[in-house]
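Dear colleague,

Please find the structure below, handed over for your use. A short account of the findings follows it.

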Amino acid sequence: MKLSLVVFLLLCYCTQGISQYKQMLHKPYKDKVEGIDSLYRNTINKGIEDSLYIKKYAKQIEKFAIENQDEELALEANLLYAYSYWYIYGHKNHDLIYNLIDVAQKGKNKKVAHIEERAAHTVATYYWRKKEYEKSFEWLLRSAKVLETMKPESFPNMAEHLNFIGYCYYYFKDFSNALIYYNKSSKLEKTKFNANAVLDAQNTLGLCYQKLKDLKLAERFFLMIINDSSAYQNDVWKRIASGNLGYNFFLEKNYKNAIPLLEKDIQNAIKIGDIGFAAGSAIPLADIYLQQKKLDKAKQKIEEAKTYIQKSGQTDRFKELYPVMSKWYAANKQIDSSSVYLDSTINAINTYYQKYNSIKLIRANQKVQVRDWQLEIEKLHTESRLKISQRNNIILIIALLLIGSLCAYWFRNKYHLRKQEIKELRIENAEKALSNAKNQLQSLKLKIHDEQEIIESLQQQLQSKDNKKLICQLKSKIILTDEDWKKYQLLFDEIYPAYLHTLRSMYSNLTPSELRCLCLEKLELTNKEMGLVLGVSTNSVMVTKHRIRKKLGLKSQQDIRLLVRELS
């Protein structure tokens, strides 16, 4: 009896697997997407136990599809085979990705868009996880083009695929391009299949606008999730959006509304085990308490944030924490500690942006690849005309030798005259370079002074949204990046060649930020102007100067000015 029951259940299991794909015959993708999801899961699970099962089962489906003249189902069998083997063994055998690339091409040739798109999406994901970003973006762009040809109602995976493209741009801080794909995804009608992806898109849209300083639009998308009363509302996404809205209020300096939301977000993050989110809310809370002069509470949140960052391993968040720590130490009159964290902030920000500037390299690599392909095509055309080219080359060489001989004779006569002209030209260029360096340095000084006056004028006026935006833009234009400092130092060294060398040799304990401050002092900039150039507050500049006087044994600001003037 027991044996009969086992045999019966086994037959039912096998029959169910067979009936799965038979029920998909001549059906559009949207009507069989859930069945396909189940089919892939079952195939992978069985394939883990029996490596030969996948190939055998995929061939069985393909044969059935061809016999019943369903070309789309036959391609589905090819994709099932390629995806399942890649999913199970791809981490060991990287060549399995080429099976998916072949399926993507088959889908394109047969004009079955959902096959091409799903294969292309998987290939892009594979290269992304391997951090081969240039290849990943190549497939992401192909995926985007295929998605443009598809209707959302015919491709239920649309939101998920659009989100992945948007995420890749968001990862590299290209928020404008990320908005394009998340915006398309957020507007899709929610279904049981895509609701989570649409909510993800709405939340990330809010984050994009937050990064772009459009806080009102950001708030709109967070509230869209929080106030969702549809059948697809999601408590997890409501909690996430609530925490993001709290940070939005923090950026607007609406601390009354920000504090309870951020405190609640920390509790929710700890509850679900996402310590990184907890750190993200603890940092602005520390900043709020600091501005409210609640130093004990601020210190508590700083310590919590440090713990969360260390536990989560999300060390990029130190670039947000260090400025708060610097301000806390300054508020407690611990000037040296404040300066240390000010320097740490600069280092953390530099490291962070060096990490994400690799998008420039990606785009450059893509252009190089395009040029390489063009060269290969040109090479094929060139080989077909090889004999004619060889004959022309011989004639050209003879002509060039003749011309070269004549040129050599002419140049010999002109050599001494040219040598004298070059010598005079070098002297003239050196004088021009020195004059140009002085002019550029003077222009920089005048620009900083003029824009400081504009900013002060705007700050004294009514603080409208446009004024605030303009002030932020002006300040961001003045701040010198590491690349700008390199150019500035070259100009500075041309005019004052021994200045920095003398400072370093006489006072080896000066930090890079202190040396920068002394360079700007040489230009006779005010503390406000220095703060704009360095991207820090006037108080921070005064702290740095205090530290310089302490290290150099100087009593007053006047002593610094005298020292700067005396150094050549």
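Lys253 is exposed, with a relative accessible area of 57% (exposed means over 50% relative accessible area, buried under 20%, and partly exposed in between, with a 1.4 Å probe and protein chains only). Please note that this is a predicted model, in which local features need pLDDT of at least 70, side-chain atom pairs count only at pLDDT 80 or more, and totals for chains, interfaces and linings use all residues. Residues are numbered from 1 along each chain as its sequence is written, and side-chain values use heavy atoms, with hydrogens and water left out.

Lys253 sits in the loop between helix H12 (235-251) and helix H13 (255-272); helices are DSSP runs of H or I with at least four residues, strands are runs of E with at least two, and both are numbered from the N terminus. The phi of Lys253 is near 65°, a positive value in a residue other than glycine. Most residues other than glycine have a negative phi. Lys293 likewise has a positive phi, of about 65°, although it is not a glycine. Its place is the loop between helix H14 (275-291) and helix H15 (295-312), and Lys293 is exposed, at a relative accessible area of 69%.

Neighbours within four places in sequence aside, Leu321 is in contact (heavy atoms within 4.5 Å) with Ile283, Ile302, Ala305, Lys306 and Ile309. In helix H2 (residues 29-49) lies Thr43, which counts as buried at 1% relative accessibility. Not counting residues up to four places away in sequence, Thr43 touches Tyr53, Ile54, Tyr57, Leu80 and Ser84.

Finally, the cysteines. The count of disulfides comes to 0, where a disulfide is a pair of cysteine sulfur atoms within 2.5 Å. Cys517 is in no disulfide, and its nearest cysteine sulfur, that of Cys519, is 9.3 Å away. Cys517 is buried, with a relative accessible area of 2%, whereas Cys407 counts as partly exposed at 34% relative accessibility.

Yours sincerely
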